[in-house]
Amino acid sequence: MNKLFNNVIGKNWFTKVLSLAFALLLFSYAYDPNESSTDVNVPGDSETAVLEDIPVTAYYDTENVVVTGIPKTVTVTLRGPTVHIQQAKLKKDFEVYVNLANAELGSKTVPLLIKDLSDKVKATIDPETIKVTLKEKVTKEFTVEAEYSSNAIEKGYSAGTPKIEPKTVKVTGAKEDIEKIAYVKANVNLDGNTNETVSQQAQVSVLDSSLNKLNVQVEPETVEVNIPVKRTSKTVPINIVEQGTPPANITIDSITLDKKEATISGPEDVLKEVESTRVEVDLSSIEKDEELTLPVIISNGVTAVDPELVKVTVKVTVGEEEQDEEEQKDPDSEETAAGENIETKTLSSVPISIQGLNSSLEATIDNPRSSSTSLRISGEQNRIRELSASDFNLYLDLTGMDDGDHEVPIKVDGPEDIDWELAIDTASVSITNKEA
């Protein structure tokens, strides 16, 4: 018997048959017609994997509906055989989605679903459900306006009208959001002290009346903005504007500036309308000769002025206070040889008139600004006391003078028995041609 068994075992064909039997046994154990050849599994070999930032796909009527409340990503926990878990982690070829294809308008809570995942793997989605809102979708066209800080423009320069390409954009969103749109802005970032033309791709922002950004889609999202920047300036006179009334005993003889003109900068359309700047001088607190430093005041829209400050010189005459009858005698008065007293007093704000001007011309007294000055008179006491400013005629003789600026002596007509002395001897006059 042993000899027979040894003869059988020793045959080559027996070894081949035995090998084939073992091969078929292993194949039947490992082969599963419902799984791919890569799904070989060792019993008991399983694991759990947490996958973060898995994107969410939404299925809905994108032509007519806007959906809010869908998260961009979620966290998915997978449990199952290691080979399947490793494959899912590597390929991430499954999909997390929400199906709103037949959902009606309004708010609702819906589940998040997963597909294209092996049925040997169990998945948990965090969150499992989400609250979404479906709204009617509207698309409308809006004009874009450039938005930038004018403070970034260098002094002495101005920005022209921005050019935007394209001029309009299409805004798509929920109907109620589209109805809230108040501003569609292209935000341009300028460096400080910008002094040359700027061209920039600018992001478009859609805002409501409270400047809150709206959740809408814009096409295109950016536009090309060109802002012309150039130096624009103009030289104009500085006018003196008197504010308030000087004290009763003060006569303003002259107000002069150390600079008579200023250079202003700003948009061209603004500069066309501006003919002057001004310095405001408060006369109510002037009690003596003063030198003030005051700002040059510009019109709205003017971006810069040079100089910004000027020195203002105010010259005044301080009049004598009225005295009681017992004190009216001047302590400096002298007694004449005939025994009469000589008295001196100052007449304030005596008006200056113009005479002899050609009828085709007109004149303005620039200095003194009040067109008046003080007159110090002296003479016999009783005579002086009865005289007032109306007894004297101060005038400028402009006979034969042409248009332009002139310094003209101030002439005085008054009683022959009275001596007088002017606070200032000349006046500044501007003569111009009358408009036809």
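The dialogue below goes from the whole chain down to a single residue.

Q: How far can I trust this thing, and what is the mean pLDDT of the chain?
A: Keep in mind that this is a predicted model. Where pLDDT is low, the predicted coordinates should not be read in detail. Here the chain has a mean pLDDT of 83, with 85% of its residues at 70 or more. Residues 33–43 fall below 50, and that stretch has nine contacts in the model beyond near neighbours in sequence. Residues 322–339 also stay under 50, with 18 contacts beyond four places in sequence.

Q: OK, how many helices and strands does the chain have?
A: You'll find six helices and 32 strands in the protein chain. As for contacts between residues at least 6 apart in sequence, 70% of them join residues at least 24 apart.

Q: Which strands does β25 pair with, and in what sense?
A: A handy idea for looking at any sheet: in a regular strand the side chains alternate between the two faces. In this model, β25 (residues 342–355) pairs with β27 (residues 372–380) in the antiparallel sense, over eight bridges.

Q: What about the inside? Which residues touch the most other members of the largest nonpolar core?
A: Of the 436 residues in the chain, 33% are buried. The largest nonpolar core has 27 residues, and Val169, Val171, Ile181, Val223 and Val225 touch the most other members. Strands β10, β12, β13, β14 and β16 each supply at least two residues of this core, and β14 gives the most, with four.

Q: Let's zoom in on one residue. Why does serine 430 count as buried?
A: The cut-off for buried is under 20% relative accessible area. Serine 430 counts as buried because its relative accessibility is 16%. You'll find serine 430 in strand β32 (residues 426–433).

Q: Which side chain does the side chain of serine 430 make a polar contact with?
A: That would be the side chain of aspartate 405, at 2.9 Å. Not counting residues up to four places away in sequence, serine 430 touches Glu362, Ala363, Thr364, Asp366, Gly404 and Asp405.

Notes: Residues are numbered from 1 along each chain as its sequence is written. This is a predicted model: local features need pLDDT of at least 70, side-chain atom pairs count only at pLDDT 80 or more; totals for chains, interfaces and linings use all residues. Side-chain values use heavy atoms; hydrogens and water are left out. Buried means under 20% relative accessible area, exposed over 50%, partly exposed in between (1.4 Å probe, protein chains only). A polar contact is a pair of N or O atoms within 3.5 Å; within protein, one must be able to donate a hydrogen and the other to accept it, and residues adjacent in sequence count only if both atoms are side-chain atoms. Contact means heavy atoms within 4.5 Å. Two strands pair if DSSP finds at least two bridges between them. pLDDT is the predictor's confidence in each residue, from 0 to 100. A nonpolar core is a set of buried Ala, Val, Leu, Ile, Met, Phe, Trp, Tyr and Cys residues joined through side-chain atoms within 4.5 Å.
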